[in-house]
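Me: I have a structure to go through and would like to learn how to read its features. Please take them one at a time.

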2 protein chains.
Amino acid sequence: MMAFASDIQRPTLMLDETRARRNIWQMADKAAASGVRFRPHFKTHQSAGVGEWFREAGVEAITVSSVDMARYFARNGWSDVTIAFPVNIRQAHALNELAGQIHLNLLVESVDAVTALVPKQRYEADAWLKIDTGYGRTGIRWDDHDTLLQVARAVAQADSLRLTGLLTHAGHTYGAGSPKRIVEIYRESAFRLGRARDALADEGWRVLLSVGDTPGCSIVPRFESVDEVRPGNFVFYDLAQHSFGACNEDEIALVVACPVVAKHRSRSQLVIYGGAVHLSKESIPGDDGRPIYGRIALPAERGWSRMYSGSTVASLSQEHGIVQAEKELFDRVQVGDLLMVVPVHSCLTANLLGRFLTLDGEVIDMARF
Amino acid sequence: MMAFASDIQRPTLMLDETRARRNIWQMADKAAASGVRFRPHFKTHQSAGVGEWFREAGVEAITVSSVDMARYFARNGWSDVTIAFPVNIRQAHALNELAGQIHLNLLVESVDAVTALVPKQRYEADAWLKIDTGYGRTGIRWDDHDTLLQVARAVAQADSLRLTGLLTHAGHTYGAGSPKRIVEIYRESAFRLGRARDALADEGWRVLLSVGDTPGCSIVPRFESVDEVRPGNFVFYDLAQHSFGACNEDEIALVVACPVVAKHRSRSQLVIYGGAVHLSKESIPGDDGRPIYGRIALPAERGWSRMYSGSTVASLSQEHGIVQAEKELFDRVQVGDLLMVVPVHSCLTANLLGRFLTLDGEVIDMARF
């Protein structure tokens, strides 16, 4: 086992740097081979340190999900940033300031938001129209050409906005059910984005297309019909991505090391220090349909073992996790040992834990807002 | 509307100090009238500032859920602290240090943990046996007298531990289904704890009894048959407690102010800046059985309006919330307005947001670990 493991006292986010760097290079290579720009989403790691691994893979442009995150990465030397969230006009002042410092890309999806933003925008920013290609969360419906053209016109008339592209997040790949269906959604989504582009072309506007969900970007062999990809989660992957078939188990780059604090033989349960404030309450359905909050591996010489297929984090309270353990695991583990919990959703787990510990014992900080 | 509301730019935890202080006094009065010690759980607010409101209500002893939280409150002048979590022997050094500084109360539930702890414990601490009175999360089963006596003996033999009491958390009140059933669980739990005490008394040990869930402590008219109560959530309450009948709507003391960033008339949905990293993914079933992640009020002259009964936070992603809005709310709200989201679980929401903004515009910080 890693020498420093004996010093781990509380739920600790362990990061396998080799795996994360390999995940980055794989996606960067696929983007390069496809001739598209790779603009990874940094909300997954929220860390200037991890960001450098992307820079070493040739990344120059990034995506974030909040204005605060954009400021953090701008301070850390990133000069081309997309805030992939419908523009929040309450932050117009901060947005204008950022636009004066870096190449800022904003998402707009209504005339109202453009109208409210423009009077407060002195520096120029790129505007991307947020398009809904079927996910149904937010954005202009791909086939609602009236709204599309209205918003495009509002942007085109604003001195401080450049009409740059159409951007979508096909988040419905997360519920697709099979890799085959994920590929279909990816293609359908790119096709629909292309139709929206055609509607703008008819009016003389030429725009770029940007897509971005990790399941789709991981599974398609090649990025076709788009100009830019923005996956984020793939840097670490997690149990949810594994359940979709978006990654192999040995591509999952982080776990939460959790101390065992109690054993209950009669129900074959282990109690761990590791709860909702560490793992998040994100769940996926287990084999019996009930929610699971993580799967279990053990510490290994370097990193962690393969997951135990018959053991899960079955419930969480604020600081406690209850592990339903198969007999072999139950018998092997003692109070005071560490379990390595593979989280359901690495973005939310990393956001809660706030820093990474690499397998070499190095601490990598995340932003704190 | 409050003058400073126009300055709110991002998801912001709004705290009604008057309500919170009233909640504290109500519980403190009930404890005093019942002749039991009030040892409130501070994991809900994790804030030295909010802690002072308890001190003003006569509170001298507190409960926390982690060693780090115990250290934080010890630094902030709290000298009698129970860590209501099975002792984590990986933190034995920190526990010993704390025991040298304050009156420290630990939870033990196995001979293994006691055996591992004692050699590292130089300063004396009070030991409470964690008892499972029916919740089934962790602890010694109330009727497993063999284990109870084994652990009691291990504690009694340790120079650095004082066998002080029996402690339970009847967390199954959260799924009880009705206030009547919550009262039944409270009473059953206190009765079972009493039976475990009797088993120790037969061996000559006299111990105190401590109970602690917010639904039970809120609903029973008087604390009977116990020596100490440890509710936490009641200081703020939330949508879950309201759904159990543990509080009235005007006792809920916090909401998350969230900017509206998009409107979708065709499906009557509002998109807010406020997602899983602000509200947490804790949910309760809505009227149709599907999960809801919050309910909606509007900003008022001071604080917020009553909740809209037909509107809910229907889904969350990392930073987005989707509000399924009834027509009146939808029509009333514009992009750039604030919605006041009543969270499902105030402890997890406060933990994510990290600071409070009172209705007077004062910022109250929380601990950061």
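**Helix packing and overall form**

Reply: In chain A, helix α1 (residues 17–34) packs against helix α2 (residues 48–56) at an angle of about 45 degrees, and their axes are 9 Å apart. That makes α1(A) oblique to α2(A); angles under 35 degrees count as roughly parallel, over 145 as roughly antiparallel, 65 to 115 as roughly perpendicular and the rest as oblique. The model is predicted: local features need pLDDT of at least 70, side-chain atom pairs count only at pLDDT 80 or more, and totals for chains, interfaces and linings use all residues. Residues are numbered from 1 along each chain as its sequence is written, chains are lettered from A and ligands numbered from 1 in the order in which they are written, and side-chain values use heavy atoms, with hydrogens and water left out.

Me: Which residues in α1(A) and α2(A) meet?

Reply: Two packed helices are described by the angle between their axes and the distance between the axes. From α1(A), A:Glu17, A:Ala20, A:Arg21, A:Ile24 and A:Trp25 meet A:Trp53, A:Phe54 and A:Glu56 of α2(A), where contact means heavy atoms within 4.5 Å. By class, the contact of α1(A) with α2(A) has five nonpolar, no polar and three charged residues.

Me: At what angle do α3 and α4 of chain B pack?

Reply: Helix α3 (residues 67–75) of chain B and helix α4 (residues 92–99) of chain B pack at about 25 degrees, with axes 10 Å apart. That makes α3(B) roughly parallel to α4(B). The contact joins B:Val67, B:Ala70, B:Arg71 and B:Ala74 of α3(B) to B:Ala94, B:Leu95, B:Glu97 and B:Leu98 of α4(B). Its classes are six nonpolar, no polar and two charged residues.

Me: How many helices and strands does chain A have?

Reply: Chain A has 12 helices and 20 strands; helices (H or I, at least four residues) and strands (E, at least two) are DSSP runs, numbered from the N terminus. The radius of gyration of chain A is 22 Å, close to the 21 Å that the globule rule gives for 369 residues, so chain A is as compact as a globular protein of that length. The rule is 2.2 Å times the number of residues to the power 0.38, and the radius is taken over C-alpha atoms.

Me: Is A:Thr138 buried or exposed?

Reply: A:Thr138 is buried, with a relative accessible area of 4%; buried means under 20%, exposed over 50%, partly exposed in between (1.4 Å probe, protein chains only). A:Thr138 lies in the loop between β6 (125–132) and β7 (140–141) of chain A. Beyond neighbours within four places in sequence, its contacts include A:Pro86, A:Asp132, B:His264 and B:Arg267.

Notes:
Axes fitted to C-alpha atoms, helices over the stretch in contact; angles between N-to-C directions. Nonpolar A, V, L, I, M, F, W, Y, C, P; charged D, E, K, R; others polar.
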